[in-house]
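Thanks for making the time this morning.

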Amino acid sequence: MSLSELLSTSFVQHAFYAVTAVALAAGAVGYFVVLRRQAFAAHAIGHVGFAGAAGAVLLGLSPIVGLLVFCLGAGLLIGVGGASLDESDAVVGVTLTAALGLGVLFISLYSGYANATYSILFGQILGVTWDDVGLVAALSLGVLLVVSLSYRPLLFASVDAQSAAARGLSIRAMSLLFMALLAITTVVAIQIVGVLLVFSLLVAPAAAAEVLTSRPLHAVGIAMTLALASAWVGLFFGVWIGGPVSFWITALASSSYLLARLFDRTRVRHVRRSLA
Amino acid sequence: MRDGAVSLGGRTIWRRATFSVEPGTITAVLGPNASGKSTLLNLILGLVPLSEGTLRVFDQTPRRGNRRVGYMAQSRAADSTSTLTGRDYVGLGFDGPRFGWGRDKAKREVIRRALALTGTTSFGDQPLHSLSGGQRQRIALAHATVFSPDLLLLDEPLAALDLAAQAEIVDLINLVRDTTGAAIIVVAHDLNPLASIVNQVLWIARRQVRSGSVDEVVNEAVLSELYGHPIEIIVTPRGRRVIVGLEEEFAHPHPHPHPMGHVHDEEAHQHLSEVYEEEIT
């Protein structure tokens, strides 16, 4: 099959729509993950999702159902228990290990699980069905809608919780809202890059954006653009050159962060020299 | 406030608080750590209820999100690492709590005025982490005054600042009072740097809140009770009064012979690190 034939096959088309939706949601939510220094929570929710997916398969359900239930549950738990950002590390850690333990149990109970386990851990974007695409797109659009509507209060509660509370915002409610958004984004991102590589779309583009600009709206835009570029180019490389798509996406997203840091260093040096 | 008392988690923080705050005046709130100074601000903000007594803010019961009350929090943890610009942070003071897509056209002008008032226009577009402590406090004041509040609450605005930056912020607080006519309540653990601009002092000691003028508070007995530690007031040759803490040994003298036969230099026993020269008029 030639490249153009490959690109027009239905599974590549499905993958294209799915990565587009997921990358946009992950870039936007990722900015707040980086701003709130909650990368560990994002990491934990992905792993909790693994237990959920394993449990769903054991019960004969679609993995995405288990992912949604477990990720949302963990998100709300972390949101309530760690509303003040200081306590969140311990809450996240305990949630993470408890869920991983459950995951191990579910796998041991279910024989013939190796294939499904692999796709949850590392993603299997080229296997998504049309129904999956619809669900992923709907969830991602929902996340984007809520983020755009609650952008200012989320930002306020993230950078200065005390003042935000004084102005009438509920910090606990904002924390819960954010964890719910993070949980749903994680679920859709797992469809593409898997539990272990969720960070590539959620954290790397946003971290690069935060290095490049100090204007929050610009940062959200840059994060979404970088995530989208990593996802599209990664998908294309996977089809054209071969190798897992999740590898390519991870490599590209991480490189964007590395390049941002290098660019920032040369810029700082340049400014210093011009001041001297 | 009349006969106010507050308890958190079943423990009484303080009681029998009666005071009022007039427009265009500055009130300092003094007291040891964890004596309930910030709690007083939280009451006014409507974040904590009174357990006894009444509190009226502009003739209403306190409510959260009242725009007539400006608030500058004590430790904005994100500050020193924040990549946000000062202008964006001040903007959050304007429409930060609002959900939705709409943009308020007045925002740009309101921010411009707040930056101009606090003298932060020149560095308003730099990220907060690149600013000095004093510059960040100025930005925080711009954030708190964005609605030109009639009552401005400042929680430890001088904490962790060097002497020059403290003097700068004190001048700015005075300027804000003069230009806006707001009533300002400043929580502080040290009266020295503020004494020249303060009209009223509230002090919390032994779970009671009392009020008085600076002259009534700057009194060795009152201050020693307030801090639970012996205090001495020194009058400098220029007529300034300076509050210093004493070491226990010196506060309760018990003569004992020195091995070398020297007499202790009294000056050496004072915590001179706590000393600031301040004019009290």
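Let me begin with the convention for pairing, under which two strands pair if DSSP finds at least two bridges between them; helices (H or I, at least four residues) and strands (E, at least two) are themselves DSSP runs, numbered from the N terminus. What you see is a predicted model, in which local features need pLDDT of at least 70 and side-chain atom pairs count only at pLDDT 80 or more, while totals for chains, interfaces and linings use all residues. Residues are numbered from 1 along each chain as its sequence is written, with chains lettered from A and ligands numbered from 1 in the order in which they are written.

In chain B, strand β3 (residues 26-30) is joined by 4 bridges to β8 (residues 200-205), running parallel, and L30(B) stands opposite W203(B) there. Another 4 bridges join β3(B) to β7 (residues 183-187), also parallel, where I26(B) faces I184(B).

I26(B), A28(B) and L30(B) point one way from β3(B), T27(B) and V29(B) the other, and all are buried, meaning 20 or more other C-beta atoms, placed from the backbone, within 10 Å of their own, whereas exposed means 12 or fewer and partly exposed lies in between.

By contrast, T61(B), in the loop between β4 (52-54) and β5 (69-72) of chain B, is exposed because it has 11 other C-beta atoms within 10 Å.

Finally, 23 residues of chain B are in contact with 21 residues of chain A, contact requiring C-beta atoms, placed from the backbone, within 7 Å. Helix α2 (residues 86-95) of chain B gives the most to chain B's side, with 4 residues.

Methods
Contact = placed C-beta atoms within 7 Å.
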